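This report concerns the structure shown below.

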2 protein chains.
Amino acid sequence: MSVTAPLGFRAAGIAAGIKKRQGPPDPANDSRDLALVVNDGPSRAAAGVFTQNRVKAAPVLWSAQVVAGGQVRAVVLNSGGANACTGPAGFQDTHATAEKVAEVLRDSAGEIVVCSTGLIGERLPMDPLLEGIDTAAAQLSRDGGVAAADAIRTTDTVSKISFRRGEGGYMVGGMAKGAGMLAPALATMLSVLTTDADLTAAELDQVLRRAVSVTFDRLDADGCMSTNDTVLLLASAASGVRPDLAEFERKVTEVCADLCRQLLVDAEGASKAIAIEVVGAASIEDAVDVGRTVARSNLLKCALHGEDPNWGRVLSAVGTTDAEFEPDRLNVAINGIWICRGGAAGDDRSKVDLRPRDVTIIVDLSAGPHSATIHTTDLTAAYVHENSAYSS
Amino acid sequence: MSVTAPLGFRAAGIAAGIKKRQGPPDPANDSRDLALVVNDGPSRAAAGVFTQNRVKAAPVLWSAQVVAGGQVRAVVLNSGGANACTGPAGFQDTHATAEKVAEVLRDSAGEIVVCSTGLIGERLPMDPLLEGIDTAAAQLSRDGGVAAADAIRTTDTVSKISFRRGEGGYMVGGMAKGAGMLAPALATMLSVLTTDADLTAAELDQVLRRAVSVTFDRLDADGCMSTNDTVLLLASAASGVRPDLAEFERKVTEVCADLCRQLLVDAEGASKAIAIEVVGAASIEDAVDVGRTVARSNLLKCALHGEDPNWGRVLSAVGTTDAEFEPDRLNVAINGIWICRGGAAGDDRSKVDLRPRDVTIIVDLSAGPHSATIHTTDLTAAYVHENSAYSS
């Protein structure tokens with residue numbers, strides 16, 4: 001269902017020949033590398049959030065300008081190359097891509113968003129890409145959402161799609177691919193969300209920012225921020241439903257959370273899905289900062305991979321933050337066992353069962369009423385292997 | 001030579017039975033776990049720098065108070081346990097350790113520094129530790145520096161020692177063990193430096209802070225800050241030489257740099273010694289910030305392990321900093337090849353030879369005259385293995 005679950009959207013995912021083939025050919029899947037998502041309206045309202053990395057890929061620089069106009073007709077996405085750190089020539093390539101999509105749709109390039117994912121620093125092969133846009137346009141359909149989700153995969157082993165039905169019958173759909181802060185070997189986390197609800201660009205922007213701040217922004221596998229991260233929300237208004245904004249935000253957040261969960265369990269080389277729940281924080285910002293810092297501790301991530309409930313590595317990470325806390329009031333539970341109380345050893349560490357794939361760490365700062373959860377993965381030899389052998 | 005290279009110092013390193021034995025016994029080496037370094041004067045001037053982690057081990061809390069007094073008679077160091085996150089009882093253990101050393105030296109506990117390294121969150125076995133202090137005191141000698149350096153090892157495969165002779169004939173000696181920000185599985189980087197030059201505590205403090213800021217502070221293997229990091233500088237004045245302060249600072253910096261180099265090449269699981277030279281920075285702070293951020297990119301560290309000159313991962317790390325730079329003016333050289341020029345692909349990546357153990361990455365921010373070098377290691381499956389299997 002993916003991005004074509006809501007009315008008003010068509011999509012396609014095709015093999016344009018952008019990806020270098022690796023491993024045995026599998027025409028049905030591996031070679032798809034170009035996706036097109038088209039909003040047929042009646043509305044074209046749209047919003048987007050982009051990477052905060054100061055080194056931004058050409059498609060991010062282009063697409064941020066498009067989204068600023070509040071109207072998006074179509075999104076073209078390619079895997080097989082990030083078009084990042086490619087200079088003015090790379091920006092021309094993005095521009096040419098948008099122009100080509102505009103041409104086949106007989107529309108304006110100023111309402112075409114471009115997303116790219118793959119290796120940084122190399123130009124895209126423009127001939128196959130532009131030809132691929134013709135092919136994709138010819139295959140656009142109401143059933144194309146799954147193929148589009150497949151075409152944006154890089155090292156993702158499965159496509160990530162989700163949808164929810166809202167009150168009154170409108171739909172929210174989405175697809176994502178998992179690189180970015182999650183498994184950023186390929187330099188990008190991309191997600192396109194669609195809805196047939198009737199909302200303004202300003203409303204979409206507000207809802208998207210709030211939903212992303214508690215979902216995609218709280219996913220952090222290795223602290224590496226991509227040059228290409230993009231999350232888009234397009235509204236066709238084709239259902240005719242004008243939803244309650246809070247209810248719509250819940251649905252969008254649910255779709256984002258569902259996609260994040262799929263990204264997390266498919267992260268490169270990961271054997272554990274780890275939730276760091278920070279409670280008792282003086283502010284949300286403190287909770288997020290502590291959660292993110294703990295999630296970025298290579299030592300802790302190695303320990304959890306080894307199923308070692310090493311709470312000392314949690315405390316030593318907390319201690320590097322500026323959050324409000326007293327060291328002798330910190331409590332830590334791992335999978336339900338309060339293994340650290342008052343900054344020192346608590347319940348017996350042998351009671352902690354770390355065999356399940358899901359691991360929950362609660363960090364209680366004893367400093368206030370706020371909380372936040374950051375999701376991460378363990379650090380494994382498989383991660384090292386996948387990320388040692390990518391571009392060569 | 002180590003800490004007993006300068007006149008006025010005696011040391012010992014003995015097996016007290018604090019370390020849990022792992023692997024086959026080797027009484028000559030593996031079991032040493034207690035070191036004692038004594039300053040016989042005539043001066044006892046001393047300085048120290050400690051971890052900036054807000055979760056500080058008991059010995060750090062104790063020793064910072066001692067050093068604040070500017071006088072240190074002796075340092076007792078144990079491996080086999082960090083005595084961190086052990087609450088008031090752990091602080092009592094540190095206090096008792098200092099009292100015991102004071103007793104055997106017939107001196108004041110207020111001038112005894114204590115350092116511990118090992119697993120966080122467990123109490124030290126005090127009976128063998130206190131008995132070990134008697135044994136160590138009986139073995140104190142002018143030849144004991146090497147045994148002391150051996151006794152503070154945890155996963156260090158070799159002892160780290162260094163010394164330099166200064167103008168006029170005074171000596172600077174030192175020992176270190178490599179955990180801390182370098183290979184912090186065991187939660188600590190410890191170093192004791194000694195000199196027989198005649199300097200005040202204030203002079204030692206100034207020199208030590210400046211030397212550490214360009215050596216130990218620029219070593220960063222995985223961004224994890226320890227609860228126990230300690231670097232001490234003790235002066236006996238036994239040579240009678242009052243050195244030129246700038247010349248003395250150069251010697252101390254040389255000893256620190258030499259010890260850092262030894263720590264780096266012995267880092268857990270590392271197969272590359274990587275220097276990140278940031279040049280063209282608007283300030284030293286920018287240069288250090290960029291160098292540290294690049295050094296902490298797991299993706300880059302994996303790529304270098306795989307001998308892949310992935311400069312895109314350098315730029316994407318630089319882009320997450322607040323340093324002054326323009327993305328299209330960034331240049332990156334890897335092992336002498338300017339593989340990125342003006343924020344885009346430069347010379348042919350196939351020219352980069354990443355087979356040597358030493359790797360040098362130059363990041364040119366094109367924003368000013370300042371520079372700094374951060375030293376790090378690659379990220380390997382061996383690192384994951386060592387840090388997955390430590391406390392269990």
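The sections below describe the predicted model, beginning with the contact between its chains.

## Interface between the chains

Chain A contributes 52 residues to the contact, and chain B contributes 52 residues. Together the two chains bury about 3900 Å² between them, with carbon and sulfur atoms giving 58% of that area. On the side of chain A, the residues that lose the most area to chain B are Arg54(A), Asn298(A) and Leu299(A), which together account for 17% of what that side buries.

Salt bridges between chain A and chain B number 0. Over all chains, a search of the whole structure finds 48 salt bridges.

Helix 8 (residues 298-305) of chain A packs against helix 10 (residues 381-388) of chain B, the axes coming within 7 Å and crossing at roughly 70°. Helix 8 of chain A is therefore roughly perpendicular to helix 10 of chain B, since angles of 65 to 115 degrees are classed in this way. From helix 8 of chain A, the residues involved are Asn298(A), Leu299(A), Cys302(A), Ala303(A) and His305(A), and they meet Tyr383(B), Val384(B), Asn387(B) and Ser388(B) of helix 10 of chain B. Sorted by class, this contact of helix 8 of chain A with helix 10 of chain B comprises 5 nonpolar, 4 polar and no charged residues.

The class composition of helix 10 of chain A with helix 8 of chain B is 5 nonpolar, 4 polar and no charged residues.

## Helix packing within chain A

Within chain A, helix 7 (residues 284-295) and helix 9 (residues 311-318) pack at about 130°, and their axes lie 9 Å apart. Helix 7 of chain A and helix 9 of chain A are therefore oblique to each other, and their crossing is right-handed. Helix 7 of chain A supplies Val290(A), Thr293(A) and Val294(A) to the contact, while helix 9 of chain A supplies Val314(A), Ala317(A) and Val318(A). By class, the contact of helix 7 of chain A with helix 9 of chain A has 5 nonpolar residues, 1 polar residue and no charged residues.

## A salt bridge in chain A

Asp93(A) and Arg123(A) form a salt bridge in which the closest N and O atoms are 2.8 Å apart. This pair joins distant parts of the chain, 30 residues apart: Asp93(A) belongs to helix 2 (residues 87-105) of chain A, and Arg123(A) to the loop between strand 5 (112-116) and helix 3 (126-139) of chain A.

## Backbone geometry

Most peptide bonds are trans, and most residues other than glycine have a negative phi. In chain A, the peptide bond from Gly41(A) to Pro42(A) is cis, with omega near 20°; Pro42(A) sits in the loop between strand 2 (34-39) and strand 3 (46-50) of chain A. In chain B, the bond from Gly41(B) to Pro42(B) is cis, with omega near 15°, and Pro42(B) is placed in the loop between strand 2 (34-39) and strand 3 (46-50) of chain B.

Asn335(A), a residue other than glycine, has a positive phi near 45°. Asn335(A) is located in the loop between strand 11 (331-334) and strand 12 (337-341) of chain A.

Terms used. Residues are numbered from 1 along each chain as its sequence is written. Chains are lettered from A and ligands numbered from 1 in the order in which they are written. This is a predicted model: local features need pLDDT of at least 70, side-chain atom pairs count only at pLDDT 80 or more; totals for chains, interfaces and linings use all residues. Side-chain values use heavy atoms; hydrogens and water are left out. Axes are lines fitted to C-alpha atoms, for helices over the stretch in contact, and angles run from 0 to 180 degrees between N-to-C directions. Helices (H or I, at least four residues) and strands (E, at least two) are DSSP runs, numbered from the N terminus. Angles under 35 degrees count as roughly parallel, over 145 as roughly antiparallel, 65 to 115 as roughly perpendicular and the rest as oblique. A crossing is left-handed if the near helix is turned anticlockwise from the far one by less than a right angle, and right-handed if clockwise. Contact means heavy atoms within 4.5 Å. Ala, Val, Leu, Ile, Met, Phe, Trp, Tyr, Cys and Pro count as nonpolar, Asp, Glu, Lys and Arg as charged, and the others, Gly among them, as polar. Buried area is the accessible area (1.4 Å probe) that two parts lose on being put together, summed over both. A salt bridge is a side-chain nitrogen of Lys or Arg within 4 Å of a carboxyl oxygen of Asp or Glu.
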